[in-house]
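Hi,

Here's the structure I promised to pass on. Have a look at it first, then read my notes below.

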Amino acid sequence: MTRNFARLINIAAVALAGSVVLTAGGQANAASQVVARVDISRQRMVVTVDGRPAFEWKVSTAGKGYVTPTGSWKPTRMHKMWYSKKYDNAPMPHSVFFTGGYAIHATSAVKRLGSPASHGCVRLAPDHASDFYQLVRVFGPSNTQIVIVE
């Protein structure tokens with residue numbers, strides 16, 4: 001089994017588990033909830049679906065002189081590929097924006113994951129950013145919460 005196929009199966013299983021909860025609950029308006037909780041002090045993001053852990057990934061948040069905002073938001077927009085207008089057209093693959101110009105997105109600087117290194121965004125490994133982007137797309141931004149804590 002290829003790595004990408006295994007990732008696809010994992011995402012499908014998470015999505016299916018959420019839809020089963022929705023069907024079993026019998027309420028059409030009670031959609032499954034995805035929560036991405038970014039812990040700045042641990043440099044980790046835990047993704048839960050209906051309160052059950054689905055993923056835990058290393059991240060990079062703001063480096064020295066920059067700030068990653070703390071709080072709770074719904075995604076505001078998504079782009080499979082975005083280029084930063086503020087930072088020299090830096091590529092931001094699989095961007096999920098949550099407030100202003102801040103997003104969760106892929107980085108090529110994977111060796112820096114697990115330590116502060118960004119201009120304020122939440123950076124993920126490319127495969128993890130793709131997985132998160134797909135989860136938000138499948139469950140919907142209105143059923144996704146991004147929570148960032150110190």
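D39 counts as buried because its relative accessibility is 11%, and buried means under 20% relative accessible area, with a 1.4 Å probe and protein chains only. This residue belongs to strand β1, residues 34-39; strands here are DSSP runs of E with at least two residues, helices are runs of H or I with at least four, and both are numbered from the N terminus. The side chain of D39 makes a polar contact of 2.7 Å with that of S41. (A polar contact is a pair of N or O atoms within 3.5 Å; within protein, one must be able to donate a hydrogen and the other to accept it, and residues adjacent in sequence count only if both atoms are side-chain atoms.) Setting aside neighbours within four places in sequence, D39 touches R44, V149 and E150, where contact means heavy atoms within 4.5 Å.

Before you go further: this is a predicted model, where local features need pLDDT of at least 70 and side-chain atom pairs count only at pLDDT 80 or more, while totals for chains, interfaces and linings use all residues. Residues are numbered from 1 along each chain as its sequence is written, and side-chain values use heavy atoms, leaving out hydrogens and water.

Now the wider picture. There are two helices and nine strands, and along the sequence they go α-β-β-β-β-β-β-β-β-α-β. Of the 150 residues, 41% are buried.

Strand β1 sits in an open sheet of five strands, ordered β3-β2-β1-β9-β4 with mixed pairing; two strands pair if DSSP finds at least two bridges between them. β3 (52-58) and β4 (71-73) are at the edges with a single partner strand each, so one side of each has no neighbour in the sheet. β4 and β9 (residues 144-149) run antiparallel and are joined by three bridges, with G71 opposite I148 in β9.

What is the order of the strands in the open sheet of four? It goes β5-β6-β7-β8, again with mixed pairing. Here β5 (77-83) and β8 (122-124) are the edge strands, each with a single partner, so one side of each is left without a neighbour in the sheet. Strand β7 (residues 102-106) runs parallel to β8, and three bridges join them; I104 has V122 in β8 as its bridge partner.

Technical notes. Buried means under 20% relative accessible area, exposed over 50%, partly exposed in between (1.4 Å probe, protein chains only).
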